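I opened the model to look up ligand contacts, a pocket, some helices and a few single residues. My entries follow in the order in which I looked.

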Amino acid sequence: MAHTDAIVLGAGIVGTSIALHLAKRGLAVALVDRRGPGEETSYGNAGVIEGSTLLSHPFPRGLSALLRIAIKRAAAANYHLRVLPQIAPWLLAYRANSTLERRIEFAKAMRPLFARARAEHEVLIAEAGAERYLRRAGWLKVYRSDKTFAETAPERELASSFDLSHQVLDLDGALALEPALAPVFRHGIFWSEAASINNPSALTKAYAGRLRAFGGLVWKGDARSLHRNGSQWRLETNGGPVDAGVAVLALGPWTPDVLGPLGMRLPLAVKRGYHRHFRPRGNAGLTRPVVDYDVGYCVAPMEQGLRLTTGAEFAARDAQPTPAQLKRLMPAASALFPLGEPVEAVPWMGSRPCFADSLPVIGQARGHPGLWLAYGHAHWGLTLGPVTGRLVSEMITGATPFCDPAPYSANRFRR
Ligand SMILES: Cc1cc2nc3c(=O)[nH]c(=O)nc-3n(C[C@H](O)[C@H](O)[C@H](O)COP(=O)(O)OP(=O)(O)OC[C@H]3O[C@@H](n4cnc5c(N)ncnc54)[C@H](O)[C@@H]3O)c2cc1C
């Protein structure tokens with residue numbers, strides 16, 4: 001039997017960062033996962049630390065875009081028909097949150113987190129001796145049509161109003177940054193304040209290693225065994241039962257599996273995504289992640305190869321993988337970059353945990369003393385892990401939070 005101050009459930013980038021921040025503040029912490037740290041969603045992302053992100057991803061706009069998705073031609077999105085009735089209320093709420101006004105509200109609510117995201121990673125990276133995973137080279141978005149580039153005007157204006165450095169590039173300017181790209185696009189935007197990670201899973205493991213150095217326990221166990229034991233929370237683990245006054249749920253897309261039995265149902269959906277690594281042809285290489293905006297995917301240089309990541313698939317979290325988007329984007333991706341052989345036999349699949357307003361839930365669980373929630377980081381969990389860790393640990397230890405956590409409270413769903 002172990003007695004700790006806090007049990008953190010879920011050793012993705014979010015839970016691991018929370019556990020590390022709590023340990024740094026002197027708490028005895030157990031980080032528990034059924035797998036090793038950073039082996040699920042936090043393994044397979046595009047590795048971008050999107051400190052420059054402003055607007056949320058909108059519901060697809062325009063008849064032709066919707067039609068392409070409906071007839072399953074779009075690379076940017078896919079869906080399983082049988083899940084649509086079940087997630088229809090979520091999709092409608094998501095669409096309602098996709099007006100420019102709402103997306104600007106998102107930008108304002110999230111700015112404190114995004115603005116500190118890179119700096120918070122840099123602190124943990126330096127302390128964990130994990131500099132080899134960090135690239136301070138920004139990220140590049142390329143646009144194949146004048147129309148899609150013109151549509152970025154509001155975002156660029158907003159960026160200027162927030163003093164966020166970004167550079168509009170013509171074809172030659174973009175090729176000067178990434179000479180291996182083919183001239184199949186017309187415009188680029190270089191976001192220099194973004195950074196990227198060339199192995200997100202290894203970075204998460206490095207943070208877990210740092211947690212161990214503080215005496216933190218990194219154990220295996222099933223989060224669904226969480227229950228009340230008097231005034232404490234108790235979890236069964238491979239190291240025996242662990243008790244703590246504080247339990248933090250950071251199980252990403254699996255958080256509802258534990259919340260449901262506790263009687264809490266928050267409207268989370270998943271946007272599934274895929275990746276596959278490819279070897280480059282010849283000496284071609286990339287210095288930073290590149291987004292092919294019009295087609296809707298990202299290609300990111302990783303330790304394992306060039307990682308092609310897809311946009312959203314609306315399907316049940318546990319349904320069989322259907323990597324149709326990868327198939328659809330391959331011709332465009334091969335035209336943009338000289339891709340060689342795939343590294344793995346089958347693509348990887350993960351699930352982005354998303355609320356319809358694209359904000360995460362960070363804060364105390366109402367009606368459950370000592371229970372805290374930190375999930376729903378959608379497209380930005382890698383980016384926001386350490387800054388979430390800081391915020392949650394400040395709230396738990398009674399320190400003044402570095403920003404107002406109210407926009408991220410689960411109470412917003414009670415209105
Ligand atoms: C294709 C793709 C590309 C992406 N690109 C980016 C990007 O470039 N930048 C960015 O910031 N974000 C990106 N994201 C989003 C990001 O990966 C996620 O938001 C983030 O990984 C979520 O982290 P997490 O710690 O909340 O969840 P996870 O990493 O999924 O961690 C949850 C943990 O809970 C554990 N768990 C689940 N059930 C149980 C149980 N019953 N008992 C014990 N443990 C359990 C799991 O094993 C897992 O380790 C991308 C996502 C995808 C899918």
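Ligand. I began with His379, where a backbone N or O atom lies 2.9 Å from a nitrogen atom of the ligand. I took a polar contact as a pair of N or O atoms within 3.5 Å; within protein, one must be able to donate a hydrogen and the other to accept it, and residues adjacent in sequence count only if both atoms are side-chain atoms. For Asp33 I found a side-chain N or O atom 2.5 Å from an oxygen atom of the ligand. At Val14 a backbone N or O atom is 3.1 Å from a ligand oxygen atom. I listed 32 residues around the ligand, the closest being Asp33, Thr41, Ser42, Ala223 and Thr383; a residue is near a molecule or strand if one of its heavy atoms lies within 4 Å of it.

Basis. I noted that this is a predicted model, in which local features need pLDDT of at least 70 and side-chain atom pairs count only at pLDDT 80 or more, while totals for chains, interfaces and linings use all residues. Residues are numbered from 1 along each chain as its sequence is written, and side-chain values use heavy atoms, with hydrogens and water left out.

Helix α1. I turned to the helix that holds Val14, one of the buried residues of α1. Helices (H or I, at least four residues) and strands (E, at least two) are DSSP runs, numbered from the N terminus. α1 covers residues 13–24, and its twelve residues reach 16 Å from first C-alpha to last, close to the 16 Å expected at 1.5 Å a residue; the expected span is 1.5 Å times one less than the number of residues. Eleven of the twelve residues are buried, so α1 is largely enclosed by the rest of the structure. Buried means under 20% relative accessible area, exposed over 50%, and partly exposed in between (1.4 Å probe, protein chains only). Just after α1, I read a positive phi of about 95 degrees at Gly26.

Asn45. I found Asn45 in the loop between α2 (41–44) and β4 (48–49). Its side chain reaches the backbone nitrogen of Gly47 at 2.9 Å, and a polar atom of that side chain lies 3.5 Å from the backbone oxygen of Thr41.

Second largest pocket. I read a volume of about 760 Å³ and a lining of 35 residues, of which Trp90, Pro267, Leu268, Phe355 and Ala356 lie nearest the centre. On a 1 Å grid over the protein atoms alone, a pocket is an open set of points where a 1.4 Å probe fits, with protein on both sides within 12 Å along at least five of seven lines; lining residues have an atom within 4 Å of a point. Grid points are joined across faces, edges and corners, and a volume is the space filled by probe spheres set on the points. α4 (84–96), α5 (100–128) and β16 (268–280) are the elements that give two or more residues to the lining. α4 gives the most, with six. By class I got 23 nonpolar, five polar and seven charged residues; Ala, Val, Leu, Ile, Met, Phe, Trp, Tyr, Cys and Pro count as nonpolar, Asp, Glu, Lys and Arg as charged, and the others, Gly among them, as polar.

Arg82. I placed Arg82 in the loop between β5 (77–79) and α4. Arg82 counts as exposed, at 67% relative accessibility.
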